[in-house]
Every structure is written in C-alpha cells, then in structure tokens.
Amino acid sequence: YGFINTCLKSLVVEKYGEETWEKLRLQAGVQDSFLTFEVYKDEITMQLVDKACKILGVPADMVLREFGEYFFEFCKRSGYDHMLRTLGGNLYEFIENLDALHSYLSLSYQASPSRNYQAEKNEDGSMHLHYYSDRRGLCHIVPGIISAAALEFFNIEISMEIVNQTEEEERTGKKEHIVFLVTQNPVFSYKERNKCSSSPQSLTDSEKPTENQLNKEDLEKARNAIKDRGNSICPIKKSHWKTIRGIITLGKGKLLRGFDPVYPKSLWIDTKTFCNGLPFHMVFDKELRVKQAGVSIQKIVPGLQTMGISLDQYFSIVHPEVPFTISSIQKFINSQFVFRTRREMMPESWKQRPMLELRGQMLWMESLQCMLYLCSPLLRSLHELEERQMHIADIAPHDVTRDLILLNQQRLAEMELSNQLERKKEELRILSKHLEEEKKKTEALLYAMLPQHVANQLKEGKRVEAGEFKECTILFSDVVTFTNICAQCEPIQIVLMLNSMYLRFDRLTTVHDVYKVETIGDAYMVVGGVPVPVPTHAERVANFALGMIIAAKGVQNPVSGHPIQIRVGIHTGPVLAGVVGEKMPRYCLFGDTVNIASRMESHGVPSKIHLSSSAYQCLKYKNFEMTERGEIEVKGKGKMHTYFLIRNKTATENEIMGRP
C-alpha cells in the first residue's frame, strides 16, 4: 500500500533532506507522492531501497533496519500506537498476537501480503522468532520494528540475529522462513537509576560508599532486575508493581500468588446446546476425520453431517499458508486459521457464489487427541454477506462478527471517502505545481520586458514613479547599410538576420549584467547603471560593446554573404527612467544623454566603438585601450571631442564573450 512508500519517503526527507529524496525518486523512476489506500507494485519499494543503498553508501540490511525502526514511529504518529499497545503484556504475547492484528487489518487492507510470526521460548531466557513471508529480501525490517516496539512498550533493549534462513515449499510456492534469536538487556528507568546512585550531598564523608561499593551495588541491582523480569523473555513486569500484581486477597486475609482456575467435575452442557450455541465449530482427529460440527456450518456444507469424512476434502487452509496436516496446524497453534470451502464439494446452489471463509483459533484436546476449531464467518462487509446469501441471523448473537461486519461497512465507506479526498488532494497538488511552473514562465517573460522591481510593483497594482539616475552609460548600435539590405532581400531574410544577431546580443547582456532597453528595427539600445545603480556601469557597457563587435562577425549579410558590420556609440550622463503606457508598458529612458549616445552611434565608423568624452573619462583608468578621434561636428550638438574604444587590456576574447 501507498502507506509504506509514504513512510519511506518521510524517512528520507526527515533524515537526509528533500534534495536526497528527489534524487532518489528520480533514479528509481517513481512518482513523488503515494495514495495511502492505493496498491502499488513491490518493485517500486525494492527499487527505492536499492537506490537508497547506492546514494547513501550503506548496506541494504542497515537501510531496512532503520526503515523498520522509523516505520514503528510512523505507525505511532498515524494513530496505531494504542492498537499496538494492547496486543500483549510482554514481548512474547505481543509477537504471538501480531498475526491477529494483521488478520484484523486485512479486513480493510485486503491486498496486504501474507506473513506469519511464531515465537518459541528458550530455557536460557532468550526466544526464537520464526518469520514467514511471501516477500523475499525484506526480513531485516523485522528487527527494526520489534526492537522499537520492545523499547517503547516494555522498556527493554533487545538484540536480534538471524540464526537460520531457508525457503520452504508451501502450497502456494516458495516462502521465506527466517529464524531470529532474540535476547534482551535490561533498561533502567530514570527512577531506577536514581535509586542505584544516591546524591553525594545527602551523605557524610564517613557514609559515602567507595567506587567499588557503588559498582557492586549497581551490579546487584542489575541482577535483581533481570531476576524480576523472569527467566524468560516474555513476562516483563515493572519492579514497582511486581509484588502487588502477583498477590490476590481471598477469604479471611489469606494471600495467594497467581491464579488457579476451577473446573467442574463434569461438563454442564448437552451436545445439542453446544452445537447450536457455537454454530461455527468443528472437531477433528489426527487423521483429519470430522467428529463434530456446529449447526450453521452443517447447513452451508452439508457433507459435514456425515461424521468421519476427511476435513481437507471440504476445506483448504488460506492462512497460515501451511500443509493441511495435524502437525503443521500444531506448529502454528497460536495463529488464527482461515479455512475456505472447496467449490467442487459445495451444493449446486453455492457453486455460483463466492466461497465462504471461516476464521478462528485451534485448540488441541490432549485427552481426546482431537483438535477443536472455534471459528466465525470471515465477512468484511454487508455486500459479502449478501453475495453468499447469508443473513446476520445466521451468526450467533454472542459472536462479535455481527458487529465487525457493520463496523467495517462504515470503515470501508470512510476509507473510500478518504481515498477520494486524497485523490482530489493529489490532483490539486499537481495542478498547483503546474500553475507554479506557468507562473514562473509568465514572470520570466515579464522580467524580460521590464526590470524585476518595476514588474513586481505593476503586479501589485502600484504606480511606478519615474526615477532619476545621476550617472549611467548608454549604448546604441545599428547595422551598416541596413536600408540597402532591406531593399534587396525578402522580409523573412531580414527577420532571420536580426533574430540571429539579437540572440547573440541578448546573451551578452546576461554575461555583462547590463539592461536591454529596446530594439527598433536594426537599432539596439543598452544601459548600464539603470535600473540598479552600479559604479562599474561604464566598464560593463564597454565590455558589452567589444562583445557586440565580435558577435556581429558571426552573422551573415543575406545580400553579400559576408559578415555584417555594425556601428556602436556610447555616452555617459544623467537620465530619467520610468514606465510609460498601460498596454504594452515599456521602461524608457529620457534626457539629453540618450540623444548624445544616439548621435555617437550615427556619427560612428563601421565596426568601431565611438565614445563621447564623458564615457572616455569613465574608462580612462580602467585597463581599456582607446584612441583619440578628435573634434567632429555632431548634428544638433556642434563640435564634440570623441574617441574610439579598441580593446580591454586585461580580458581575453573568451572572457568578453562569456565562453568557458
């Protein structure tokens, strides 16, 4: 179920970070989220574990054990801790009842795989845990889960090691059988530790025990604690209540330890009442011959009315997956057994219906050398009851299966509703993710048209005030003989030529961090120091201009087939900048600085960078090689002293072009 994969994701994110999970899931080729009640292939989980081992550089058994420990915590957070606590009063009882818990959960989680736990006590206080599972390779999760449960519920630390590992041929094929040796170590609580070592301030110097005495006392405490816990790993009682729990007051102040049941000399119930009161029960001997059966099971399987017939002719064992022999049943005597009727042995009226399953416990009667199977119909919902044409009345009034069917019907409805909500949540998450991606694309497009802070103000509906910049550097460029080229070419050729050129120029704006103001036809306008003032505005624009000259050599003139030539003009001075218009708003620059920069370009020389005197002064001591052009007549400005920018003395061509 998705619950497992969600837990695995939570472990990776919590301990190793979101980036590790993203890397892990991409390598495993799985989705980012999983639905709790959705069934997923085992290969997904195995692939995640395999990639986790490689990425984290740890062996699989360590990853699985850590996952087991975390899975226990994950179940606690998910509300299963109360259910787990009530399984048993000690670790042995807890393990013995795990199968019963799985059987209950399978009512809701019907696709859950088969697994069995069987505990065996040893004389030295240890325990052998037999673990059977259809899934191979995941056995190392078990020590993690059991160790975490032992520490949380019974305050004991245990160590588990594999002593045997086999694959057993069962009815349904190969099944992994792992035997763990479980040993325990005592864990002292805070109060117990305080008892072991009293505070030195409360003792006089003469009363203070030596270090050796303290060690001996601690050792004796530990020994007593182990004795209190018993010679077996199972009965684990807290020392504070050890005596009180073991004493029962009876009669006139007599104190007796433990409990001894009282049995009648003869059984005060007749056969008919027994078979009616327990309508779903069967008694069979070592050869599986039926000796007795309840009235309801006789009604469903009429063959059972013939005493002495073989039980395995009419039923197959579904859980645990063991051969139908008395020895196999005795081996799993503490497990819940699920029987299923055989279709070929059912009456004609039943052959079109789903087969009936029975669930219950086995009790071995030593004196009779027979096995008693106390069971009830295994029905998960009212729909399953109706499919088998049964009624609530067919189940004994004292049997909680009645309540379980009704409760589980409600539970399944809640699960379906929860599943639908989870699916909707996942759909909304995906839509939200796509919306975020589209938002980023829109913002990227907007930021390409306007400065980011200006665009953010416009998005918030604020008015963008014009700003004055006391010093910035403006660049203009155009294509030499552009009018003649347009007259001799198809429009599409002009578009392709300009697009090729502007793509190169746009990349250079990013390399040198200058702001592209606009393009009009073949004219390209760039500014440094606007909208974010920087002291290096002139150097940035100068390096950008040098890159433009180099980049233009890679663009072909569609008429001559030779590289195109451009003119570049640069001027430094103050400007006013602001957004104009509501439809297609543009961030524009205003002031005489713009005019002079444009004049520098129009009065320039092909493949040369024309500088005004103010731009020259900014670059004069900045490692740039420049030559004087002299005084020229500038339209609308009169005579101006200008210069040419030749090269950057310290930067290579690759650095200018932003190449690796």
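1. In this predicted model, strand E11 (residues 357–365) and strand E12 (residues 370–377) run antiparallel and are joined by eight bridges.

2. Strands E11 and E12 belong to an open sheet of six strands, which has the order E8-E7-E12-E11-E10-E9 and antiparallel pairing. Strand E8 (290–293) and strand E9 (315–319) are the edge strands, each of them pairing on one side only. From one strand to the next, the twist averages 30 degrees.

3. At the E8 end of the strand order, strand E7 (residues 281–285) runs antiparallel to E8 and is joined to E8 by three bridges. Phe284 has Val290 of E8 as its bridge partner. The two strands, E7 and E8, form a hairpin with four residues between them, and in the turn Leu288 has a positive phi of about 65 degrees.

4. Turning to the helices, the axes of helix H1 (residues 2–16) and helix H2 (residues 18–28) come within 7 Å and cross at roughly 135 degrees, which makes H1 oblique to H2. The contact is made on the H1 side by Lys9, Val12, Val13 and Tyr16, and on the H2 side by Glu18, Thr20, Trp21 and Leu24.

5. Helix H18 (residues 491–512) has 22 residues, and the distance from its first C-alpha to its last is 32 Å, close to the 32 Å expected at 1.5 Å a residue. Which residues of H18 are buried? They are Ile494, Met497, Leu498, Met501, Tyr502, Phe505, Leu508, Thr509 and His512. These residues lie on the same side of H18, because they cover an arc of only 120 degrees around the axis.

6. The face of H18 turned away from that buried side carries exposed residues, namely Ile492, Val495, Leu496, Leu503 and Thr510. A colleague inspecting this helix may wish to note that Ile492, Val495, Leu496 and Leu503 are among the exposed residues there, whereas His512 is among the buried ones. Just after H18, Asp513 takes a positive phi of about 55 degrees.

Terms used
Residues numbered from 1 in each chain as written. Predicted model: local features only at pLDDT ≥ 70, side-chain atom pairs only at ≥ 80, totals over all residues. Heavy atoms only, no water. Expected span 1.5 Å × (residues − 1). Buried < 20%, exposed > 50% of the residue type's maximum accessible area, 1.4 Å probe, protein only. Arc of directions from axis to C-beta. Pairing = 2+ DSSP bridges. Axes fitted to C-alpha atoms, helices over the stretch in contact; angles between N-to-C directions. Parallel < 35°, antiparallel > 145°, perpendicular 65-115°, else oblique. Contact = heavy atoms within 4.5 Å.
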